[in-house]
Amino acid sequence: MAVTRPAPDAGAARRPVRARSLWLLLALAVLAAAMLASVAWGSRIVGLADVAAALGGADETIEQAAVTKRVPRTLLAVLVGAALGLSGAVMQGVTRNPLADPGILGVNMGASLAVVCGMVFFGLTSPSGYIWVAIGGAAAAAVFVYTVGSLGRGGATPLKLALAGAATSAAFSSLVTAVVMPRNDVAGSFRMWQIGGVGGASFDGVVRVLPFLAVGLVLSLMSARALNSLALGDDLAAGLGERVALVRATAGLGAVLLCGAATAAAGPIMFVGLVVPHMCRLLIGVDHRWLLPFSALLGAALLTVADVVGRVVARPAEVEVGIVTALIGAPVFIYIVRRQKVRAL
Amino acid sequence: MTANHSLEVQDLALGYGDRVVIESLDLAVRPGGITVIVGANACGKSTLLRSMSRLLAPRKGRVVLDGKEVHRTPAKELARTMGLLPQSPIAPEGITVADLVGRGRHPHQGMFTRWSREDDAAVAAALEATHTSDLAERSVDELSGGQRQRVWIAMALAQQTDLLLLDEPTTFLDVSHQVEVLDLLTDLNRERGTTIVMVLHDLNLAARYADQLIALADGRLHAMGEPAQVLTEDSVRAVFGLESRVIPDPTTGRPLMLPLGRHHVLEPSGLAAEN
Amino acid sequence: MSAETAIRPLGVEAVTRGRIRRTARRGAVVAVLAVLIAAVFATSLMVGRTFYPPADVVAVILGEQVPGASFTVGTLRLPRAVLAVAAGLCFGIGGVTFQTMLRNPLASPDIIGISSGASAAAAFAIVVLSLGRTGVSAVAITAGLAVALLIYALAFRGGVAGTRLILIGIGIAAMLDSLTSYVLSQAAEWDLQEAMRWLTGSLNGSTWTETVPVLLALAVLAPLLLSQARNLSAMQLGDDTASALGVRVERTRVIVIVAAVGLIAFATAAAGPIAFVAFLSGPIAARIVGPGGSLLVPSALVGALLVLVADLAGQYAFGTRFPVGVVTGVLGAPYLVYLIVRTNRAGGSL
């Protein structure tokens, strides 16, 4: 095999980079188009002229006002999507598990439970407080599920991790219900949050999550090279001079910050973190230095598109983005499972 | 002691999905004997065994037991004549040896019939024949590999069939347990007249224990007959693509295959001369 | 010769004794569970905001008119308690059937999406289609079967690997749960009680209209399932071994899936997907009964007992009235996690 392959010339080595750059440009274009659609389309469809005017600051017609209202929502969708896509890619890298996803791993429910407990037991009312609590809950759930899933023979296999995640999610969601149930006031506001949406976004909300996302982004991107080594297995990575535990901790913290903040801002949104990295791997390969930024980009585009779709399909009502992503994501999840060579029980 | 059954394969073709595993196969199992099927990896040995025991429907042709087509025989009726021990059977967590062996009585029981004394006797006899009576109340989980394999054979014995098919009964066992299991099967064959058909990986053990050796290559029958006729240097080359010397086993007189490989061979001519 | 004949009967005796010991334990467990169910059932008819003595309860059940008791016991408490038992039996037996068939304690209908399917469909039928009781049951059962079929079909790639089936089930469950949330959010009035029924299961406001279909389903499907108990035990040894023992594996699987899904769906249409009962009953029964033998009947009884006790506790043990599903959910959560940890530690079937 190695003998028959022709020696790689300089051009061949550079070609993938060119292809990747092309995909990157394309993804940027898709994201830009999605953002434009997101400010233009909704229960009321606005023409390009009005969009341009509104983005320039005009606020005279109803159309322009609608666009102004949609701007923070679009920004939030972009940020949350990017955060989820990136955190999914990092989690899949850290756990070497193709099914790792904040939703599947029960991290979202951990955040939910923490937020609810914060609301009910600690009188938490400010959204800035939610973020801290949600990130704490997400981190605790991630560590817990990963620990439970990696007990026993074979470490964290996809099945064990997914089951531990599903079981933990189910357990947390019962606890959430038990806490919320007797308190009708909390129940109402919690219910909207739990379905997952970006509808109620404001500039303040966007600004609030930014610092968390920024730190998470930096930590994740910093780990990209180390994740490439980790992909070869812990022992080999250690042999290559990587400090495995440190890499895990750094990258894991980054991923948890990203998905915790995203969950606090938009509620639990499933499957984005699962689907996006898989699509990206098909397009640009498995090098994490490319995969991570690309996942962020595509995640942003996917969530923005899903939000627009949710607004358009059921006009004048809206389908929350979390439901749209679940409907898009579950079939992709199943496709991935079917493609995997699973060990029989 | 028991009636000898005839088991034949006629013009059989087998496959999974688009993949053809066996194209056209004719063979007859020696009644009252030990038949061993050998061949390279993925040559269709296990597939053939699965089809003989009704687990896999043929694409073409048929498997015939005592003149009746196996795939048209009612499942329970067949299970009273022919038993199968798959390569990796599953023991439910915590199950005791006696309970597991008792599961072999399934084809003799109706939907709601009560457990009879006859069932208990069959279980006791199976335990005794496999020297596992002492383990009866132990949990299968705690047994060693060799003990576990004996318990599975006991389960197949409790089924009280005249024909027993086994798919690689010696995998995962060390050499002493391999010999122990094969000796046990030989006892069954000699004492009860049970016809045994099994797939084995180890050519030398196959040649030692078989009355009839069947060599498959690429889904076709390469050779069938006495081990001395089947296990030859030519057939090893044809079936495994391996150069070898075949000499008479000094302990049994059966053929013994020694692979040559590329290293460590002293002097090929010397061995050949001895042959 | 004489030695051989001397040993033989002794061996048979030992085998018989061991077998009797195993079955005796199961018999005792079943008897104790039945007594406990009867006791809790009777208690749940008597206690409440007003206490009615046993004589009144018996009189009401016999059809006599007792002032006050006739309404409270006959119309409110009796159908609720009967539904608790019936739904518990359904979840218990349906759950353990799936766990046995897929050889994995975590592969219960509430984790692999079958309950979610029935529940989403029931919520949809009520909120969007405004169907009546029978319609809701029919839709829930169809959906439960459809989801089971879908999972099976999607998991089929030249044979069904249990792992794949469970993973696909988890994916489908996630999708269906979010659908249920969405459907409920579209309801004209956000009725928390009604929502809870479809999210975690509740017996609040149960009447004979809900209860009778579940009883009928039990009468038909439970015997069907029990008739397959031996085949199911053989299938625990693996499909190939079971076939070699004369079990028609695919046929058994179809019968068992249809019967178990039917039971789960009927119960879900009446009481919602009561959290964790299907999942917990089997492992609990296995712990009490010990290894080996069929768990169908013991876990059905464990399920009934769980639902009865949880409903009683949910109504009266706390300041607020919690629906039964919340109680079983909170009780079940730690056990679930414990079970995963234990199964993973054992390193066996996962």
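Helix axes here are lines fitted to C-alpha atoms over the stretch in contact, and the angles between them run from 0 to 180 degrees between N-to-C directions. On that basis, helix α2 (residues 48-55) of chain A packs against helix α3 (residues 62-95) of chain A at an angle of about 60°, with the axes 9 Å apart. The model is predicted.

**Make-up of chain A**

- Chain A has 14 helices and zero strands.
- Read from the N terminus, its elements run α-α-α-α-α-α-α-α-α-α-α-α-α-α.
- Of the 345 residues in chain A, 54% are buried.
- Taking the contacts in chain A between residues at least 6 apart in sequence, 77% join residues at least 24 apart.

**Packing of α2(A) on α3(A)**

- The angle between α2(A) and α3(A) is about 60°; roughly perpendicular would need 65 to 115 degrees and roughly parallel under 35, and the two helices are therefore oblique to each other.
- Their crossing is right-handed.
- On the α2(A) side, the contact is made by A:Asp50, A:Val51, A:Ala53, A:Ala54 and A:Leu55. On the α3(A) side, A:Glu63, A:Gln64, A:Val67 and A:Thr68 take part.
- By class, the residues of this contact are five nonpolar, two polar and two charged.

**Packing of α3(A) on α12(A)**

- Helix α12 (residues 272-284) of chain A also meets α3(A): the two axes come within 7 Å and cross at roughly 70°.
- Angles of 65 to 115 degrees count as roughly perpendicular, and α3(A) and α12(A) are therefore roughly perpendicular to each other.
- From α3(A), the contact draws on A:Gly81, A:Leu84, A:Gly85, A:Ser87, A:Gly88, A:Ala89, A:Met91 and A:Gln92. From α12(A), it draws on A:Val272, A:Gly273, A:Leu274, A:Val276 and A:Pro277.
- These residues divide into seven nonpolar, six polar and no charged.

**Largest nonpolar core**

- The largest nonpolar core holds 320 residues. Within this core, A:Val80, A:Ala261, C:Ala87 and C:Cys90 touch the most other members.
- The element that gives the most to the core is α3(A), with 16 residues.
- Apart from its neighbours within four places in sequence, C:Ala87 is in contact with C:Val214, C:Ala267, C:Ala270, C:Ala271, C:Ile274 and C:Val307.

**Contacts between chains**

- Two pairs of chains touch, and the most contacts are between chains A and C.
- Chain A and chain B share no contact; their closest C-alpha atoms lie 9 Å apart.
- Between chains C and B, 29 residues of chain C are in contact with 40 residues of chain B.
- On the chain C side, the elements that give two or more residues are α1 (2-46), α9 (229-235) and α10 (239-244).
- α1(C) gives the most to that side, with eight residues.
- The residues on the side of chain C that touches chain B divide into nine nonpolar, 14 polar and six charged.

**Residues with positive phi**

- Most residues other than glycine have a negative phi.
- A:Phe271, which is not a glycine, has a positive phi of about 75°. It sits in the loop between α11 (244-266) and α12 of chain A.
- A:Phe271 has 30 other C-beta atoms within 10 Å; the threshold for burial is 20 or more, so A:Phe271 is buried.
- B:Arg54 also has a positive phi, near 85°. Its place is the loop between α1 (45-52) and β4 (60-65) of chain B.
- B:Arg54 counts as buried because it has 22 C-beta neighbours inside 10 Å.

**B:His177**

- B:His177 is found in helix α6 (residues 175-192) of chain B.
- With 18 other C-beta atoms within 10 Å, B:His177 is partly exposed.
- Not counting residues up to four places away in sequence, B:His177 touches B:Gly145 and B:Gly146.
- B:His177 and B:Tyr16 are 161 residues apart in sequence, and their C-alpha atoms are 33 Å apart in space.

Conventions: Residues are numbered from 1 along each chain as its sequence is written. Chains are lettered from A and ligands numbered from 1 in the order in which they are written. This is a predicted model: local features need pLDDT of at least 70, side-chain atom pairs count only at pLDDT 80 or more; totals for chains, interfaces and linings use all residues. Helices (H or I, at least four residues) and strands (E, at least two) are DSSP runs, numbered from the N terminus. Angles under 35 degrees count as roughly parallel, over 145 as roughly antiparallel, 65 to 115 as roughly perpendicular and the rest as oblique. A crossing is left-handed if the near helix is turned anticlockwise from the far one by less than a right angle, and right-handed if clockwise. Two residues are in contact if their C-beta atoms, placed from the backbone, lie within 7 Å. Ala, Val, Leu, Ile, Met, Phe, Trp, Tyr, Cys and Pro count as nonpolar, Asp, Glu, Lys and Arg as charged, and the others, Gly among them, as polar. A nonpolar core is a set of buried Ala, Val, Leu, Ile, Met, Phe, Trp, Tyr and Cys residues joined through C-beta atoms within 7 Å. A residue is buried if 20 or more other C-beta atoms lie within 10 Å of its own, exposed if 12 or fewer, and partly exposed in between; C-beta atoms are placed from the backbone.
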